Amino acid sequence: MADTVTSQTPQRRYELTEQANRKVFRRLVPFLLLMYVIAFLDRSNVSFAQEEFNADFGISAASYAFGAGLFFVGYAIFEVPSNLLLHRVGAKWWLSRIMVTWGIVAAAFMFVQGPTSFYILRFLLGVMEAGFFPGVILFLTYWVPARHLSRARGYFYMGIALAGIFGNPLSGGLLELNGVFGLRGIQWMFLVEGLLAVAVGIWAFFYLTDRPEKATWLPDDERQALVETIDAEDTAKDEGHGPKKVLAALGNWRVWYFALIYFCLQIAVYGVTFFLPTQVTAIPWVFALVGLLIFPGLADRTRRHRLIGTLLLLGTAFGIIISGALSSNPVLAIGGLCLAAMGFIAMSPIFWTLPTEYMTGYAAAAGIGLINSLGNLGGFLAPIQRDYFKTTMGGNAGLYSLSIGAVLAAVLFASTALFKKANEVEAGRLEEIDARYVSHEQAEAARGVHRTTR
């Protein structure tokens, strides 16, 4: 549909974009959150089966840790091509495909008979889910202006905390179905939670909208203002010094640096998460929710993403250490885990400010996919690392080793302040970008130039 560019002041377009943004937050973000709750549930529900897998099928603690980590190998291999396909065919098709196929594999865990079948299914689960998380991170850049992106990602990240709060009772309740129709409790858990992903995946195909240009649920003036705001930011990024093409993004040193930060962060995230359900209640996840409600939005408003993110990472390391050192006192130990969970969960959406303000288009699709794939290998290392230090050194050495990842991530993240700003979005000059874009449109309108909505 061709739209004549209307003469809008920067203030008017800002107001229209804000109105559109509120509708985007109400319609898309809760659904993406639901998808992530299910994704995290299907990744981590295996922890409820650990003891039964050991007793019935001889899957030892070391085999369990290795199998749990194999998810991230399959995930890493297919992340980049999956994200490029999403950018090409659209989120509606691709996110739906991802959810349906991972749901089928998640349900198939009910047929595990030993270490080999466990390894194969964990690897396949990673393959099928590959591209979901970076796809959503990319998808949000199509819809949400930079000034609100950390907050949008923060709401999305609530999926981890909500999976911990509500997913654990759900999984535990399904285990109580042991013996119904001749199925064991863990079989019911894998079957129901896997089919839930299939159902939501089908729903996603009919519910999601690929781009703002196609959002018939937005008023025309709000839709146009949102499209133009996103276009202005993409243009600023494209005119900067970041990578422009897929291969350039894959070979860019800064992209690999971001991946290293994320790798260190994920060591702390998954090292704690894989073993958390059997140790404590949902209390740490409640604190994580509070952190997500406060810190990503604060980082957006103040543009102090690095300072806030660094402090959250150091808080994560301190919390992990406290939970181990004071393990004889359950209240203080849980308090440490609450601090750790708040830190690593609230930090994660802030981290993604770096790559999403650095790249756009296919370069962003490739770069975000690479960062997530390499970074998530920290999830492969974490349970193995924890088990190794626990076995060789005893005590809480395995837990302490996870804090090292958080400290390294804090140092690396803080050091990005030394990087030269690649474009005006990264420099935080969002108002100048918007005003210049409006002036350019008004000049074109005065010359009788019409803009076609893409």
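In what follows, a residue is called buried when its relative accessible area is under 20%, exposed when that area is over 50%, and partly exposed in between, as computed with a 1.4 Å probe on protein chains only. The structure is a predicted model, in which local features need pLDDT of at least 70 and side-chain atom pairs count only at pLDDT 80 or more, while totals for chains, interfaces and linings use all residues. Residues are numbered from 1 along each chain as its sequence is written, and side-chain values use heavy atoms, with hydrogens and water left out.

By these limits Phe111 is exposed, with a relative accessible area of 55%. Helices, named here with the letter H, are DSSP runs (H or I, at least four residues; strands are runs of E, at least two) numbered from the N terminus, and Phe111 is found in the loop that joins helix H4 (91–107) to helix H5 (115–129). Between the C-alpha atoms of Phe111 and Leu170 there are 20 Å in space, with 59 residues separating the two in sequence. Helix H5 includes Pro115, a residue that is partly exposed at a relative accessible area of 28%. A contact, here and below, means heavy atoms within 4.5 Å; when residues up to four places away in sequence are not counted, Pro115 touches Phe57, Gly58 and Ile59. From Pro115 to Leu247 the C-alpha distance is 38 Å, and the two residues are 132 apart in sequence.

Two residues other than glycine were found with a positive phi angle. One is Phe181, with phi near 55 degrees, which lies in the loop between helix H7 (149–175) and helix H8 (185–207) and counts as exposed at 76% relative accessibility. The other is Arg303, with phi near 60 degrees, which is placed in the loop between helix H12 (283–302) and helix H13 (305–325) and counts as partly exposed at 28% relative accessibility.

The axes of H12 and H13 come within 8 Å of each other and cross at roughly 155 degrees. H12 and H13 are therefore roughly antiparallel to each other, given that angles over 145 degrees count as roughly antiparallel, those under 35 as roughly parallel, those from 65 to 115 as roughly perpendicular, and the rest as oblique. On the H12 side the contact involves Phe295, Leu298, Ala299, Asp300 and Thr302, which meet His305, Ile308 and Leu312 of H13. The residues of this contact divide into five nonpolar, two polar and one charged, where Ala, Val, Leu, Ile, Met, Phe, Trp, Tyr, Cys and Pro count as nonpolar, Asp, Glu, Lys and Arg as charged, and the others, Gly among them, as polar.

The interior was examined through its nonpolar cores, each being a set of buried Ala, Val, Leu, Ile, Met, Phe, Trp, Tyr and Cys residues joined through side-chain atoms within 4.5 Å. The largest such core has 128 residues, and those with the most contacts inside it are Phe53, Trp102, Phe132, Trp143 and Phe351. Its largest share, 14 residues, comes from H1. Another core, of six residues, lies apart from it and includes Ala236, Val425, Leu430 and Ile433.

Thr17, located in helix H1 (residues 10–44), counts as buried at 0% relative accessibility, and beyond four places in sequence Thr17 touches Pro145, Arg147, Ala225, Leu226 and Thr229.

Finally, the cysteines were considered. A search of the whole structure finds zero disulfides, a disulfide being taken as a pair of cysteine sulfur atoms within 2.5 Å. Cys264 is buried, with a relative accessible area of 6%, and Cys338 is buried as well, with a relative accessible area of 5%.

Technical notes
Axes are lines fitted to C-alpha atoms, for helices over the stretch in contact, and angles run from 0 to 180 degrees between N-to-C directions.
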